[in-house]
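This report goes through one structure for a reader who has not seen it before. Please look at the sequence and the model first.

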Amino acid sequence: MSIHLYQVVVVGLSGVMLYLGIKEFVKREAGQTLLKLLVRIAVWGGMAVVAIYPDSTFYLSKVIGIEGNITAVMVTGFLFVFLLIFKLLSAIEKLEQNISELTRRESLKEAQDRIEKLKQEMIESRTSSRE
């Protein structure tokens, strides 16, 4: 078995990405969850396995039940892409909810501050009119 340049590059890149993902998860950096780590391991680990063992795509096609290893790889890739799109949409929805909540809080705070200011002005006008 000969080693090609793409295999070295893919395995090296996969190793770096896996290392960074595990490091971020262990340090509990913001937004790092077990699900993200598992997805990262599946994607980058899968790329490394396919780069090291190109014939593994034949086994994947047999497991999935699709004839032709390239078709099986493409179907699996599309499934991962749809999973990632769904995850991104969920994150965007959560961000929108957070923005709405922050906007409401800020509006309520401004309204309360305005009410307090008007109360102070009324108290000052009453005391100045008595003089």
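## Aromatic rings

The count of aromatic pairs in this predicted model is zero. To count as a pair, the centres of two rings have to lie within 6.5 Å.

A ring does take part in another arrangement: the charged end of arginine 28 sits over the ring of phenylalanine 25. The distance to the centre of that ring is 4.8 Å.

## Helix α1

Phenylalanine 25 belongs to the buried residues of α1, together with Gln7, Ser14, Gly21 and Glu24. These residues lie on the same side of α1, because they cover an arc of only 140° around the axis. The buried residues of α1 pack against α2, which is formed by residues 34–52. On the other side of α1, the exposed residues are Leu5, Val8, Tyr19 and Val26.

Helix α1 runs over residues 5–26 and has 22 residues. At 1.5 Å a residue, α1 should span 32 Å, and its end C-alpha atoms are 32 Å apart, so the two values agree.

## After the helix

Arginine 28, whose charged end sits over the phenylalanine 25 ring, comes just after α1. Its phi is positive, at about 55°.

## Confidence

How high is the average pLDDT of the protein? The average is 83, and 89% of the residues score at least 70.

Among the elements of the protein, α1 has the highest mean pLDDT, 88. The lowest mean, 77, belongs to helix α3, residues 56–64.

Conventions. Residues are numbered from 1 along each chain as its sequence is written. This is a predicted model: local features need pLDDT of at least 70, side-chain atom pairs count only at pLDDT 80 or more; totals for chains, interfaces and linings use all residues. Side-chain values use heavy atoms; hydrogens and water are left out. Rings of Phe, Tyr and Trp (its six-membered ring) pair if their centres lie within 6.5 Å; planes under 30 degrees apart count as stacked, over 60 as edge-to-face and the rest as tilted. A charge sits over a ring if NZ of Lys or CZ of Arg is within 6 Å of the ring centre and within 35 degrees of the ring normal. Helices (H or I, at least four residues) and strands (E, at least two) are DSSP runs, numbered from the N terminus. The expected span of a helix is 1.5 Å times one less than its number of residues. Buried means under 20% relative accessible area, exposed over 50%, partly exposed in between (1.4 Å probe, protein chains only). The arc is that of the directions from the helix axis to the C-beta atoms. Contact means heavy atoms within 4.5 Å. pLDDT is the predictor's confidence in each residue, from 0 to 100.
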